[in-house]
Amino acid sequence: MEKQVHRVAVLPGDGIGPEVMFQALRVLDKVSSLFEINFEFDQQPVGGAAIDELGTPLPEVTLKACEQSDAILFGSVGGPKWENLPPDEQPERGALLPLRKHFGLFANLRPSVCFPSLVHASPVRRDLVEGGFDVLCVRELTGGIYFGAPKEIREEENGKVAIDTMVYHQSEIERIAHVAFNAAMTRGKKLTSIDKANVLRNGILWRETVELVAADYPDVQLDHLYVDNAAMQLIRRPREFDVVLAPNLFGDILSDEMAMIAGSLGMLASSSLGENKGNGLYYGMYEPSGGSAPDIAGEGIANPCAQILSAALMLRYSLGCHQAADSIDNAVRAAIDDGMRTSDIFTEEPNTHKLTTSQMGDSILERMTSS
Ligand code: NAD
């Protein structure tokens with residue numbers, strides 16, 4: 001049988017990006033040998049690396065590679081070297097935001113999982129997270145207060161005034177709500193929608209629209225929380241959440257809170273998805289939740305798990321290779337359960353081993369199987 005071929009744009013970026021991306025590509029090579037799947041990787045510069053090489057954070061050649069691919073596997077961008085450039089020319093703002101905009105990546109899905117053997121890494125009381133903190137944050141990514149106009153700082157008679165505008169069209173709320181309900185259907189069938197309907201008009205429309213969409217998903221149990229209460233409840237009863245749906249600003253903040261509850265940034269993957277292509281698959285960009293970690297770049301000690309788990313999300317949401325995605329998820333979990341640790345998640349405990357980035361990659365590869 002001919003192997004399926006999937007085109008993937010690979011953008012390693014800066015700092016630890018290239019180090020962890022190398023391990024993710026090893027894992028995808030193994031996927032290729034275990035399953036009937038072939039990849040064509042088109043590796044291109046992005047962020048600071050692209051500024052150095054081609055003078056701009058998102059060169060034409062990189063954008064073209066993404067356009068010609070089924071998905072983007074992204075490392076991370078940024079670092080002190082490029083911090084003093086004008087804001088729009090900086091790696092994050094000049095590459096990430098235009099990529100999201102160009103491909104209409106309106107849905108950010110960030111799973112936060114506290115692995116049972118990493119409970120100690122969570123700053124939240126052990127008894128609150130033990131036995132399964134596993135939440136998927138679905139954040140609206142292209143609307144709300146980050147993009148509404150006017151957006152400016154202007155001089156007025158009494159001094160400067162800053163204005164940001166929060167705008168949501170009902171259609172934007174509907175499409176992100178469908179993503180969240182669909183995700184809930186594949187998980188614990190529980191959805192918590194976040195708003196600030198007691199103060200913001202946006203919140204009233206958000207709640208009303210989510211209720212309307214809910215009618216299509218009678219099996220999903222829906223509840224609503226104001227964002228301030230949600231921030232508290234996530235700490236108070238973290239295990240009771242399954243899927244959390246939030247507008248852009250609130251999702252930005254709450255997803256970091258969830259990452260912190262899970263304990264270790266180096267373990268958390270993230271995906272940004274565009275429109276459903278009609279076959280249950282999305283064009284998407286997949287990346288670790290953390291940044292380029294300049295403090296440890298080049299030392300060979302970065303945790304590659306988030307990048308590897310991002311590759312698994314890509315297999316699941318953009319390429320429809322669920323068995324291969326399971327194989328990666330299970331291998332990462334098994335490596336952690338067997339005591340394999342990079343320094344960010346290492347504590348002196350019996351039967352734990354402190355590994356380098358590539359040793360961690362090895363330990364995951366060894367545990368991947370086709371069943
Ligand atoms: P960061 O996430 O890079 O680092 C925060 C801390 O977490 C650091 O101590 C770092 O060593 C650690 N860490 C992160 N990922 C790790 C991993 N895989 N393994 C081990 N440790 C890990 O955040 P920061 O320090 O605020 O930002 C550094 C740079 O990254 C900045 O230039 C920032 O703009 C950029 N950034 C990029 C993205 C992105 O590309 N999507 C996201 C966030 C930050």
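Okay, let's start with a term: a cavity here is a set of points, on a 1 Å grid over the protein atoms alone, where a 1.4 Å probe fits but cannot get out. Points are joined across faces, edges and corners, and a volume is the space filled by probe spheres set on them.

A word on the source: this is a predicted model, where local features need pLDDT of at least 70, side-chain atom pairs count only at pLDDT 80 or more, and totals for chains, interfaces and linings use all residues. Residues are numbered from 1 along each chain as its sequence is written, and side-chain values use heavy atoms, leaving out hydrogens and water.

So, how many cavities of 30 Å³ or more does the structure hold? One. The largest cavity has about 30 Å³ of space, and its lining (residues with an atom within 4 Å of a point) includes Asp195, Trp206 and Phe250. Helix α7, residues 201-214, gives the largest share of that lining, three residues. Helices here are DSSP runs of H or I, at least four residues, and strands are E runs of at least two, numbered from the N terminus.

Now strand β10, residues 243-246: Val243 and Leu245 point one way, Val244 and Ala246 the other, and all are buried, meaning under 20% relative accessible area with a 1.4 Å probe, protein chains only. In general, side chains in a regular strand alternate between the two faces of the sheet. β10 pairs with β5 (residues 133-140) in the parallel sense over four bridges; pairing takes at least two DSSP bridges. There, Arg139 stands opposite Ala246. Strand β8, residues 190-195, also runs parallel to β10, joined by three bridges, with Leu191 opposite Val243.

Technical notes
Buried < 20%, exposed > 50% of the residue type's maximum accessible area, 1.4 Å probe, protein only. 1 Å grid on protein atoms, 1.4 Å probe; cavity = no way out; pocket = protein on both sides within 12 Å on 5 of 7 lines; lining within 4 Å.
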